[in-house]
Amino acid sequence: MKGMTSSLLRSASLAAVALVGSGLATTASAQDPYTVGVEASFPPWAYVESGEFKGIAIDAMNAIADEMGIEIEFQDMPFPSLIPALAAEKIDILATGLTVTEERSEAIDFTIPWWETNDVVLVPEDSEANVFTAVCCGARIGVQGGSSQQAWMEENVVNNDIDVELATYESYVTAVDDMAIGRISSVIVDDTSAQEYINAGKPIRMAGKIYIRAPLALAVSKGDPQDLLASLNQGITAIDESGQWQEIIEQYIPGITPPAIPGNMPDFVDTYNKPVAGLPELGNE
């Protein structure tokens, strides 16, 4: 908490210096809430119900903000817009089911991983396709535009001259709905979201799993210009140790045992090198 307080004071001081330099007369900057970008059509991570943001990422981010002693506000954006918006500092934090990838780590900075996931191939419940036939032989496959699933399919299937067609969507919910009416034959999505769709009664089944053990994390702008990374890392650890994280997961995915925090920290992520911000005992050598 002491480190967080110093961080906030430093941010306020920098804001004051910037305002004096620009000659602006305002008192808003230091108290403005941090803007957290979310994709509110990606259950169980984030969605809107009765006009309110809900989901794992929403509740966890609120709990972390309480730990940090900061105010936040959520901004719903299409997934393909989230990373560019964070890279351009139009939002302050990205909170969704965000996969850590090498390409993304060159544009944004990741917190410690708070989840791990594998991908699955979804097909209609009456389909006889298996994990192999669902991604070959003229299949029309739905993925979310800009997602790690799209990148994996392009690298491992499309670029190897396998006869498939990718259909990109802003939302996985739309992709699954399109599959139900026959516009596409399968959907590649992370296993957590897939189970959520099945639990919601969608007429789908898992044809098979693609084991990638991908870490998921929060993210801030590259270089952490608002000095948030250390406090976010400490906040993630705090809600895990207090049991809040487990309670949130149980609310949205009953019966699931959350992966250990921190999860797998790939060597290609700069912010996972020792010492990790806010958690100096962690990190890759």
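Which residues of the largest nonpolar core touch the most other members? The legends below begin with that core.

**Figure 1. The largest nonpolar core of the predicted chain.** Met61, Trp114, Leu122 and Trp245 touch the most other members of this core, which holds 85 residues; a nonpolar core is here a set of buried Ala, Val, Leu, Ile, Met, Phe, Trp, Tyr and Cys residues joined through side-chain atoms within 4.5 Å. The largest share of the core, nine residues, is contributed by helix 2 (residues 56–68), where helices (H or I, at least four residues) and strands (E, at least two) are DSSP runs numbered from the N terminus. This is a predicted model, in which local features need pLDDT of at least 70 and side-chain atom pairs count only at pLDDT 80 or more, while totals for chains, interfaces and linings use all residues. Residues are numbered from 1 along each chain as its sequence is written, and side-chain values use heavy atoms, with hydrogens and water left out. Of the 285 residues of the chain, 51% count as buried, with buried meaning under 20% relative accessible area, exposed over 50% and partly exposed in between (1.4 Å probe, protein chains only). The secondary structure comes to nine helices and 13 strands.

**Figure 2. Surroundings of Trp245.** Once its neighbours within four places in sequence are left aside, Trp245 is in contact with Trp45, Ile56, Ala60, Trp114, Trp115, Ile239, Asp240, Pro258 and Ile261, contact meaning heavy atoms within 4.5 Å. One of these partners, Ile261, is joined to Pro262 by a cis peptide bond with omega about 0 degrees, and Pro262 is found in the segment after helix 9.

**Figure 3. Packing of helix 2 against helix 9.** The axes of helix 2 and helix 9 (residues 244–252) come within 9 Å and cross at roughly 160 degrees; axes are lines fitted to C-alpha atoms, for helices over the stretch in contact, and angles run from 0 to 180 degrees between N-to-C directions. The two helices, helix 2 and helix 9, are therefore roughly antiparallel to each other, since angles under 35 degrees count as roughly parallel, over 145 as roughly antiparallel, 65 to 115 as roughly perpendicular and the rest as oblique. From helix 2, Ile56, Asp59, Ala60, Ala63 and Glu67 meet Gln244, Trp245, Ile248, Ile249, Gln251 and Tyr252 of helix 9. The residues of this contact divide into seven nonpolar, two polar and two charged, where Ala, Val, Leu, Ile, Met, Phe, Trp, Tyr, Cys and Pro count as nonpolar, Asp, Glu, Lys and Arg as charged, and the others, Gly among them, as polar.

**Figure 4. Packing of helix 2 against helix 8.** Here the axes of helix 2 and helix 8 (residues 229–242) come within 9 Å and cross at roughly 110 degrees, and helix 2 and helix 8 are therefore roughly perpendicular to each other. Ala60, Met61, Ala63, Ile64, Glu67 and Met68 in helix 2 meet a set in helix 8 made up of Ser231, Leu232, Gly235, Ile236, Ala238 and Ile239.

**Figure 5. Val121 and Met206.** Met206 and Val121 are 85 residues apart in sequence, yet their C-alpha atoms are 5.8 Å apart in space. Not counting residues up to four places away in sequence, the residues that Val121 touches include Val131, Ala134, Val135, Ile188 and Met206, and those that Met206 touches include Val120, Val121, Leu122 and Ile198.

**Figure 6. Buried face of helix 5.** In helix 5 (residues 148–156), the buried residues are Ser148, Gln149, Gln150 and Met153. The elements that cover them include helix 4 (102–105), strand 8 (115–124), strand 9 (139–144), strand 10 (164–169), helix 6 (172–180) and strand 11 (186–190).

**Figure 7. Backbone details in two loops.** The peptide bond from Pro43 to Pro44 is cis, with omega near 5 degrees, and Pro44 is placed in the loop between strand 2 (41–42) and strand 3 (46–49). Ser50, in the loop between strand 3 and strand 4 (52–54), has phi near 55 degrees, a positive value in a residue other than glycine, and Ser50 is exposed, with a relative accessible area of 75%.
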